[in-house]
Amino acid sequence: MGRATRTAGQSAARPHQGVPVEVAVSEPALFDFVGVDVEQGGTRVLRDIDVTIPEAGITVLVGRSGAGKSTLLRCCNRLEVPTTGVVRFRGRSLSDVDVLAHRRTVGMVFQQPTAFPGTVLDNLRAADPGVDEARGGELLRHVGLEPAMLGQVADTLSGGEMQRMVLARALATRPSVLLADEPTAALDTESSAQLESLVLRLAKEGMPILWVTHDLAQMRRLADHLVALDSGHIVYTGAPGDYSDRSIAGESET
Ligand SMILES: Nc1ncnc2c1ncn2[C@@H]1O[C@H](COP(=O)(O)OP(=O)(O)OP(=O)(O)O)[C@@H](O)[C@H]1O
């Protein structure tokens, strides 16, 4: 975690002194889970989660099916609300934020890309009505699609094109974070590789990304940081290179 120095005024750190002082403060984490439980249908699907998601790079969440990866990810944009505990976003509890505004800051893409009715441009405008053709073309280029596709009926796109359009739609609100829940699961190898390159580029451009997968080979291609879950518990956090317990993830290399 990086550290920052800020100038604290009289009222902040030293109320009894008349001059500003320099204090060192830790930068808040991107997401901070403290004592988080999530209960679904009488079962605790996340148990006592304490984890910090760093501000930079790609954090990959791995674990076998049903481990709680999606639930943890969904807590990050308030699609899921903890039964107990706190999730903080850049230091602020998500129970205190405006949820819709938060979801514009924290974009999300899902396993199954879903087009809204109408054209690709209509889809981008559903996220931000201010998207004109120029901005729409820019968003499409950013995800490797041709601006000429703006007028195409969205549900005629291929699976790979659709997932990239959905990503462009998520980027239309200029989010500062991206959440991705197994976004390559329904794609062929080539489309999957294109999406991986795209996400690596977004991360390089400075966007922190949380990416869920059960595919350990993909995890190794993408992860700067790793969080592994098993039966609702965190079983590993740290560098991907140090993670070796395949029996915990329970998944095969692909
Ligand atoms: N609304 C719900 N009601 C009851 N149980 C739920 C609900 N949502 C999730 N669960 C259960 O919570 C557990 C964790 O689900 P979650 O989708 O987070 O797992 P996952 O690790 O993302 O799995 P997968 O890789 O299969 O998507 C599962 O056992 C699931 O059946």
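Which helix gives the largest share of the shell around the ligand?

**The whole chain.** This is a predicted model, in which local features need pLDDT of at least 70 and side-chain atom pairs count only at pLDDT 80 or more, while totals for chains, interfaces and linings use all residues. Residues are numbered from 1 along each chain as its sequence is written. The protein chain holds eight helices and 12 strands, taken as DSSP runs numbered from the N terminus (helices H or I, at least four residues; strands E, at least two). Of its 254 residues, 36% count as buried, a residue being buried if 20 or more other C-beta atoms lie within 10 Å of its own, exposed if 12 or fewer, and partly exposed in between, with C-beta atoms placed from the backbone.

**The ligand.** Select the ligand and the residues around it, which include Gln40, Gly41, Val45, Lys69, Ser70, Thr71 and His214; a residue is near a molecule if its C-beta atom, placed from the backbone, lies within 6 Å of it. Helix α1 (residues 69–75) contributes the largest share of this shell, three residues. By type, the shell divides into two nonpolar, nine polar and one charged, where Ala, Val, Leu, Ile, Met, Phe, Trp, Tyr, Cys and Pro count as nonpolar, Asp, Glu, Lys and Arg as charged, and the others, Gly among them, as polar.

Next select strand β3 (residues 31–40) and strand β4 (residues 43–53), which pair in the antiparallel sense over seven bridges; two strands pair if DSSP finds at least two bridges between them. Val36 has Ile49 of β4 as its bridge partner. Two residues lie between the strands of this hairpin, and Gly41 in the turn has a positive phi of about 50 degrees.

Strand β6 (residues 84–89) meets β7 over two bridges, and the bridge partner of Phe89 in β7 is Arg92.

**Helix α4.** Finally, select α4 (residues 133–142), where Gly136, Leu139 and Leu140 are buried. These residues lie on the same side of α4 because they cover an arc of only 100 degrees around the axis, the arc being that of the directions from the helix axis to the C-beta atoms. Turn to the other side of α4 to find Ala134 and Arg141 exposed. After α4 comes Gly144, with a positive phi near 80 degrees.
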